[in-house]
Each structure stands twice: as structure tokens, then as C-alpha cells.
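Open the structure in your viewer and keep the selection panel at hand. The tour has two stops.

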Amino acid sequence: MGGIIALLVIAAIVLLFILFNLKIVPQAEAYVIERLGSYMDTWQSGVHFKAPVIDRVVKVVTLKEQVADFPPQPVITKDNVTMQIDTVVFYQITDPKLYTYGVEQPIAAIENLTATTLRNIIGDMELDHTLTSRDTINSKIRVILDEATDPWGIKVNRVELKNILPPKEIQDAMEKQMKAERERREAILKAEGEKQSKILVAEGEKESKILTAEAEKQAAILKAEAIKEAKIRESEGEAQAILSIQTAKAKGIEMINSAKPTEAALKMRSLEALEKAADGKSTKIIIPSDIQDISGFAAGLKESLTDPKE
């Protein structure tokens with residue numbers, strides 16, 4: 001019975017020994033191991049067994065990207081304006097060994113390095129340039145920090161200027177300047193709008209006049225064409241009437257010729273024509289030389305038509 005208890009005790013001791021020296025490294029973490037005070041290995045994620053007494057976990061390092069938000073730092077610009085600027089640094093540990101043995105208090109070292117670098121960069125820039133060049137400042141600081149922290153096993157991924165706070169009087173002056181600039185732009189835009197409005201009105205009136213003149217021109221052309229057409233039709237009507245008269249006269253002559261009138265009939269027609277001429281308003285009458293013959297013929301014709309009994 002005593003032997004069984006002894007075996008159980010030994011088994012419990014061994015189990016505790018294994019549990020105390022068995023290490024499970026989580027994902028995105030790394031363990032820095034020393035053996036007898038000297039660096040031995042860096043354990044990545046997984047199961048590891050630590051030799052008792054002689055091995056020791058010196059540092060647990062997270063491999064995730066981390067953020068360091070530093071308090072505002074006073075800086076002086078090239079034109080002697082003192083501002084408060086706070087920065088945010090995004091960094092990641094790439095080498096746990098260098099991070100453990102490279103520098104004491106690496107985050108404090110990064111903060112001090114960021115402050116000195118920021119002062120050097122802002123000291124070469126004027127206030128207006130500083131306020132409009134955040135991207136340039138961020139890039140310069142990131143390059144300098146990344147190069148300086150490389151021996152510490154740290155990679156600086158990004159640096160951002162969180163706030164730039166000029167003195168109160170500078171802020172008031174900037175606000176007045178911005179207000180004046182907005183008023184100036186408003187006046188320019190208003191003037192441009194009025195100018196464009198007048199141009200559009202003038203162009204509209206011009207187009208209206210052009211269209212009116214074009215309409216009047218087209219109306220005059222159509223009227224002239226209508227008058228021309230009417231005259232052409234009137235001329236054609238007169239010509240047609242003359243042609244009709246001449247045709248009628250020609251047919252009359254043709255009928256007279258076809259009837260073969262006697263000389264007495266022709267003289268009778270001449271006498272009728274003379275009578276019609278005398279009844280008109282003419283002041284002069286030309287009497288043919290053979291008028292006597294016509295008169296005699298008329299008297300003879302009258303006698304022949306008179307009844308013999310009378």
C-alpha cells in the first residue's frame with residue numbers, strides 16, 4: 001500500500017513538473033527565452049517545453065501593430081510661432097530579441113525621438129506652411145523614426161499629427177483672415193454671377209433680334225414671292241384674255257370669209273362702224289374717200305326694203 005502511494009506522489013510531482021514547464025505560446029505573441037542568463041531562443045506560437053531552473057521566460061512580446069499616443073509637444077516655427085502638436089505613432093515589433101535587448105524603455109525612446117524630430121522639421125517651416133503640410137511632416141517623421149528604431153526590432157508603419165494648436169491670438173487672426181477670404185470669394189462669385197446673368201440676357205436679346213429680323217426677312221421674301229406670283233398670274237390672265245379676243249376675232253373673220261359676203265354687205269358693215277365712231281367721244285372723224293358710194297348704197301338699200309305699195 002505504501003508503494004502505491006509513493007508511486008502516486010511521484011506521478012503527481014512529475015505531472016506538476018510538466019505542467020509548470022510546459023508553455024503554450026498564443027498566436028501573435030513571442031516569448032524571449034534565456035538559459036542561465038544568456039539569450040537562448042525566441043518561441044513563436046505553439047507548444048514549448050522549458051527546462052526547469054536553467055531556462056527562463058524573459059519577456060512576452062506582442063507582434064500585433066500597436067498605437068502610441070503621445071501628449072502635445074511645444075514646437076517653434078521658422079517665423080517664431082510656438083505651437084502645441086501631439087502625434088500618434090503606429091508601430092509593430094518585428095524582432096522580439098532586438099526589442100528586448102536593443103533599448104531600455106523603447107516606447108519612451110520613441111516618444112523622445114518623435115518630439116526632437118518634430119521640432120527639427122517644424123523649425124524649418126513657417127506657420128502657414130506647417131498648417132498645410134501635414135502629409136509632408138508625417139512622411140518625414142515616419143522615415144526618420146523607422147530608420148532609428150530598426151536596431152530596436154521596431155518598424156514604424158505610420159505617423160500622424162493629431163492636433164496642431166497655435167496660440168489663441170494666432171487662432172483669432174487666422175479666423176479673421178479666413179472670414180475676409182470667404183467674404184472676398186463671395187463678392188467675386190456674386191460679381192461673376194451678375195456678369196454671367198447680364199451676358200445671358202444680352203445674348204438672349206441678341207438672339208431674339210436675330211430671330212425677329214430673320215422672320216421679317218422671310219415674311220418679306222414670301223410677300224414678294226406672292227406679289228410676283230400674283231403679277232405672273234395677272235399677266236397670264238391678260239394674255240389669256242387677249243388671246244381669247246384675238247381668237248374670237250380670228251374666228252369671226254374666218255366665219256365671214258367662209259360666208260363669202262357681198263360687196264354691199266361689207267360696205268354696210270363699214271357704215272355701221274362709221275355710225276358707232278360718230279356716237280363716241282372722238283372729236284375728229286376720218287371719212288373714207290368712197291363715202292359717197294356708201295351713202296348711195298345705203299339709200300338704194302333703203303328704197304329696196306320699202307314696200308312698193310307705199
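Select Phe 70, Pro 71, Gln 73, Ile 85, Asp 86, Thr 87, Glu 111, Thr 114, Ala 115 and Leu 118: these residues line the largest cavity. A cavity is a set of points, on a 1 Å grid over the protein atoms alone, where a 1.4 Å probe fits but cannot get out, and lining residues have an atom within 4 Å of a point. This is a predicted model, in which local features need pLDDT of at least 70 and side-chain atom pairs count only at pLDDT 80 or more, while totals for chains, interfaces and linings use all residues. Residues are numbered from 1 along each chain as its sequence is written, and side-chain values use heavy atoms, with hydrogens and water left out.

Now colour strand E8 (82-93) and helix H3 (106-122), the elements that each give two or more residues to this lining. Helix H3 supplies the largest share, four residues. Helices (H or I, at least four residues) and strands (E, at least two) are DSSP runs, numbered from the N terminus. By class, the lining has five nonpolar, three polar and two charged residues.

Next, select Thr 42, in strand E3 (residues 38-43). Is Thr 42 buried or exposed? Thr 42 counts as buried because its relative accessibility is 15%, and buried means under 20% relative accessible area with a 1.4 Å probe, protein chains only.

Show Ala 30, Tyr 31, Pro 96 and Lys 97 as well: leaving aside neighbours within four places in sequence, Thr 42 is in contact with these residues (contact means heavy atoms within 4.5 Å).

Note on methods:
On a 1 Å grid over the protein atoms alone, a cavity is a set of points where a 1.4 Å probe fits but cannot get out, and a pocket is an open set with protein on both sides within 12 Å along at least five of seven lines; lining residues have an atom within 4 Å of a point. Ala, Val, Leu, Ile, Met, Phe, Trp, Tyr, Cys and Pro count as nonpolar, Asp, Glu, Lys and Arg as charged, and the others, Gly among them, as polar. Buried means under 20% relative accessible area, exposed over 50%, partly exposed in between (1.4 Å probe, protein chains only).
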